[in-house]
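Student: I would like to work through a protein model by question and answer. Could we begin with the structure itself?

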Amino acid sequence: MMQNVHLAPETDEDDLYSGYNDYNPTYDTEELENDTAFQQAVRTSHGRRPPITAKIPSTAVTRPIATGYGSKTSLASSMGRPMTGAIQDGITRPMTAVRAAGFTKAALRGSAFDPLGQSRGPAPPLEAKNEDSPEEKIRQLEKKVNELVEESCIANSCGDLKLALEKAKDAGRKERVLVRQREQVTTPENINLDLTYSVLFNLASQYSANEMYAEALNTYQVIVKNKMFINAGRLKVNMGNIYLKQRNYSKAIKFYRMALDQIPSVHKEMRIKIMQNIGVTFIKTGRYSDAINSFEHIMSMAPNLKAGFNLILSYFAVGDRDKMKKAFQKLIAVPLEIDEDDKYISPSDDPHTNLVIEAIKNDHLRQMERERKAMAEKYIMTAAKLIAPVIETSFAVGYDWCVEVVKASQYVELANDLEINKAITYLRQKDFNQAVETLKMFEKKDSRVKSAAATNLSFLYYLENEFAQASSYADLAVNSDRYNPSALTNKGNTVFASGDYEKAAEFYKEALRNDSSCTEALYNIGLTYKRLNRLDEALDCFLKLHAILRNSAQVLYQIANVYELMEDPNQAIEWLMQLISVVPTDSRALSKLGELYDSEGDKSQAFQYYYESYRYFPSNIEVIEWLGAYYIDTQFCEKAIQYFERASLIQPTQVKWQLMVASCFRRSGLRFLVRLCTDIGLKEVQEYATKLKRLEKMKEIREQRIKSGRDSSGGSRSRREGSAGSDSGQNCSASSKGERLSAKLRALPGTNEPYESSSNKEIGKCWCSPPVSTGITGLEKIRCLLCGSTWPSNRKTKNCSQKKNR
């Protein structure tokens, strides 16, 4: 196989680039400076040769022409130029060359091939740029202004509106400096108007984006009033938009119409958009007839979805049923101008065609088509739900008419959605039977519609606590469309209701895999984890949901509740504070905050939130009981009375509230008497105050004695109890009487002990101390507030032996 292979010799190789450095010495320009003849020719005749007399007569020789006067003149060329070799004004014009310029046969002899002109040596260096010249400074400043405008636009597109405004202002300042420098160097006509226009327009746009509408309007006025800016009148549309945002509708309409007058009729699309803005402004001002005229004109010239929908709204506002129907038909007839879905289905097994279809199946154009179709369906569905209840005698007949119109259009698939909306309308009207019947009609439809109907039926039965039916329809929905997250969520709910939390979590997870934005499934899986006592996973779910739903009160409460279960009250309090910032009147959240602060020992904060909860919902027994106990603890028994009286109204069969009212009256005793005498202004107030201080001091001594007694042994405690029992008698001193009264007060339930009417505890003998006479006439007998017994006012003590159950 190698016999036909010939290797190239390694020696005597021809140099492909040989001869490029060889050149004729005649073309050596480096020695021209030393060539005397050449330099002399340059200085004298600038390289032109003297005229040469032709040996052979030719056109170059001047031939004199005889005239009648015997004179001879030379002929001139037909173009008026002197002939070659002619003598004019005593100067002989040189002869024209008869060979091609730069071509000589002698030059080819012995000359080297030099197409690149390398024999002439290196090119002279470029002339250095003078950066100090005014023109260069102007050029650099203009470049900087353009860069600032671009940076401002980029910052605006990135959402940094403040930076965009700063860049726009900087560009405006530098542009004014540039204009002044140009006026000093050149004439005013050479000012770059396009640059000035772009700087001012960008500045006005950034002002508007930052909601600085007054500054934006002033900047637009500068542009519009300058007659040197061509087509600047179109910016009145932007000024009208600003007035519309400021709700100055009259000026908005005025500027829209001024812009419409300055736009030629050839710009049809722009005129249609301005007329649409005018129509929307008329709707906002309530001038529906003018809005109808604008939208009718648009639908006759260039129908579009927005104008058709706004036309329906206008007719709905004026209550014209027939016109609503016609406008709905016009909306249905608006062409979408998008490709059919069949275009993206491969007709053959050609791999090249399949690759092209896969490439265009989800490109930007396809996404735009989907968005346009979704927008059209949204407008049609909203319009149908709006006009269906009013265009006929009942909403059901109106829905039927809309369904028929939709079925005859290019939006056939929307007819089933309208039927489902009809069922949902029945639900809003509490007509569950009609809703169920409407939804059951879809059991024989295609899988997508069947799944949607079965999902709604499952939800209905779940609300009615018919979990068997709910589970059955949930299974039907899942089997019809396994990727329906709502169906999977409903199935998880039915399993959750049966107590199988692990299986319910699996359905919720599958729903999230199909649609990661299904917030219902994420919330339910958090509740499931909480039931399973997997608190960390539950907290993760609720925190993810909080990132999606920032102001959801339910999510905030669940996060706080999980932290409470994790025994982290500080975090629970922090999340509850966020909750009441969202719903400040939620009595349950306020009471929960009070409960947490109470568990932390902060009674003042607990009282604040319990009191706020009571203000918004004064029927919560737990809150009422806590507030009453708080006032008893703080020795304001008379304030606790109103809470226990309210509790007795809420629960009239509970005896404990009446007993608590009586206990508060008894505890208020002398203190209440001192306060009453102070309010009335009686002179005995000082006497009662002195006795009150004495009793409070005795109470202090007793509490100290009890505290020291707890630290002693059990035997000494029993001896003290025995001695105390022997000292008691029918008529006792004031001190022993006060101690026995305090012992009976201690026998009452404390603030942390619930009051129950079924308690077996009994109140012992009531040592009633009648109040000292106040000098009020007519006070014959004194009644015990606890037992109801009376005695003469001159008696000092009475031993009431009546016993009362709590």
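Predicted model: local features only at pLDDT ≥ 70, side-chain atom pairs only at ≥ 80, totals over all residues.

Student: What percentage of the residues in the protein is buried?

Tutor: Buried means under 20% relative accessible area, exposed over 50%, and partly exposed in between (1.4 Å probe, protein chains only). The protein has 806 residues. Of these, the buried share is 34%.

Student: Which residues have the most contacts inside the largest nonpolar core?

Tutor: A nonpolar core is a set of buried Ala, Val, Leu, Ile, Met, Phe, Trp, Tyr and Cys residues joined through side-chain atoms within 4.5 Å. The largest one has 149 residues. Those with the most contacts inside it are Phe328 and Val406.

Student: Which helix gives the largest share of this core?

Tutor: Helices are DSSP runs (H or I, at least four residues), numbered from the N terminus. The largest share of the core is 9 residues, and its source spans residues 364-391. That helix is α14.

Student: Is cysteine 402 buried or exposed?

Tutor: Contact means heavy atoms within 4.5 Å, and Cys402 is among the residues that phenylalanine 328 touches beyond four places in sequence. The relative accessibility of cysteine 402 is 0%, so this residue counts as buried.

Student: How many disulfides does a search of the whole structure find?

Tutor: A disulfide is taken here as a pair of cysteine sulfur atoms within 2.5 Å. The search covers the whole structure. The number found is 0.

Student: How far apart are the end C-alpha atoms of helix α11?

Tutor: The expected span of a helix is 1.5 Å times one less than its number of residues. Helix α11 (residues 305-318) has 14 residues, so it should span 20 Å. In agreement with this, the end C-alpha atoms are 20 Å apart.

Student: Which helices do the buried residues of α11 pack against?

Tutor: The buried residues of α11 include Leu305, Phe309 and Ile312. Ile312 is also one of the residues touched by phenylalanine 328. The packing partners are α9 (268-285), α10 (288-301), α12 (321-332) and α14.

Student: Which residue just after α11 takes a positive phi?

Tutor: The phi angle there is about 80°. The residue is glycine 319.

Notes: Residues numbered from 1 in each chain as written. Heavy atoms only, no water. Helix = DSSP H or I, 4+ residues; strand = E, 2+ residues; numbered from the N terminus.
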